[in-house]
Amino acid sequence: MTDAEEAVLKKRWFYKFKLPSGNETQLYVDEGLAKIHESREKMMFSVLSESFNDSWNNTTCIDLACHQGYYATRLAAKGCKKVMGIDAGRENIEDANLINSVYKYKNLYFSQQNIFDIDLNKTGQFDIVIMFGLLYHLENPIGALRVAKSLTKKICLIETQTAPNISGVIDWGTDANKKKMFGSFSIIDETYENSLNNREANLNNISLVPSLEALIHLMKKLNFSEIKILNPSKNAYEQFQHGNRIMIAGYVND
C-alpha cells in the first residue's frame, strides 16, 4: 500500500472511492444517502456515453463544485483529454488532490475557486459541463446557470433538488395588467447547517431552490438548443424516483 493510499484510508469521505488496490474509502454519511452518488453516475453516463464513447480522448470536461472530485475522477478514468474540477471549499480541493495522488490521472486538475469567479477567457469552454448538487445551495442560482451555459461547448448536465411549483399569473404594475409566471423558487435557510460546519451546505445561509418548471424555462431562455430530463433507473435514490431530485441535460449546437 502506498503512503498516499494509506492517507486516504485513514480519512472518512463523502463518496465511496474504489481504490486501485481494491480498498474502498469509509464514509462520513449514511450508506443510504450515498446512493445518490451511484444514481448520479449512472444517469450521467447514460447520456454522455451516447455522445462521447468513441471520442473520450478528444473530450474536455469541467466539474463545477466538484467536492472531493468523485465525478471528475470517473470522467478522467474514461481517458478524457482534460478534466478540471473546481470547488470553493479548501478542504474539498485538498481531498480531491489527495484522492488523485492515488489514482495518478495525468488528465485531471483541481482548483479552489468560486464558480462566480471563473474567467472564461482563461479557462475556455468545455465539451462537457457538470454541476451536481450545487444549484439548490445558492442564493444566485440563475447566475450559476449563466456560468454553466457560458462554459458549455456541447452538453451541460445539471443535477438538483426541486421545489414545488407555483404557476399562474400575477398583477404587474396595476391590477389590470397580468404577467404569466414561469415556475418558482423556494427559499431555504441553511443557517443551522452552517453552524455545524456542514461541508455540503451553502457558503452563505440563504438558498433558492428552483421548481422543475423554473429550471426548464431558465435553460430555454439561456438558449440551450435542446433540454432533456433524464429518467432514473428503478433502483435509483428515492428522491430521483419521486421526482424531488432531477438531472437535466442541456445541449448546445455548434
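Predicted model: local features only at pLDDT ≥ 70, side-chain atom pairs only at ≥ 80, totals over all residues.

Residues are numbered from 1 along each chain as its sequence is written, and side-chain values use heavy atoms, with hydrogens and water left out.

First, the cores. By nonpolar core I mean a set of buried Ala, Val, Leu, Ile, Met, Phe, Trp, Tyr and Cys residues joined through side-chain atoms within 4.5 Å. Buried is under 20% relative accessible area, exposed is over 50%, and partly exposed is in between, with a 1.4 Å probe and protein chains only. The largest core has 46 residues, and the members touching the most others are Met44, Leu48, Leu75 and Leu157. Elements that each supply at least two of its residues include α2 (35-52), α3 (70-77), β7 (152-161) and β13 (245-251). Helices (H or I, at least four residues) and strands (E, at least two) are DSSP runs, numbered from the N terminus. The largest share, seven residues, comes from α2.

What does Met44 contact, beyond its neighbours within four places in sequence? Tyr71, Leu75, Ile130, Phe132, Leu157 and Met247, where contact means heavy atoms within 4.5 Å. There is also a second, separate core of 28 residues, with Ala65, Ile115, Val129 and Ala144 among them.

Next, the hairpin. Strands β8 (residues 168-172) and β9 (residues 174-181) pair antiparallel over five bridges; pairing requires at least two DSSP bridges between the strands. Ile170 sits opposite Lys179 of β9. One residue separates the two strands, and Gly173 in the turn has a positive phi of about 90 degrees.

That brings me to phi. Most residues other than glycine have a negative phi. Lys104 is not a glycine, yet its phi is positive, about 60 degrees. Lys104 lies in the loop between α4 and β5, and is exposed at 57% relative accessible area. Asn223 also has a positive phi, near 70 degrees. Asn223 is in the loop between α8 (212-221) and β12 (226-229), and is exposed at 60%.

The contact between α1 and α4 uses Ala4, Glu5, Ala7 and Val8 of α1, with Leu98, Ile99, Ser101 and Val102 of α4.

That is all I have.
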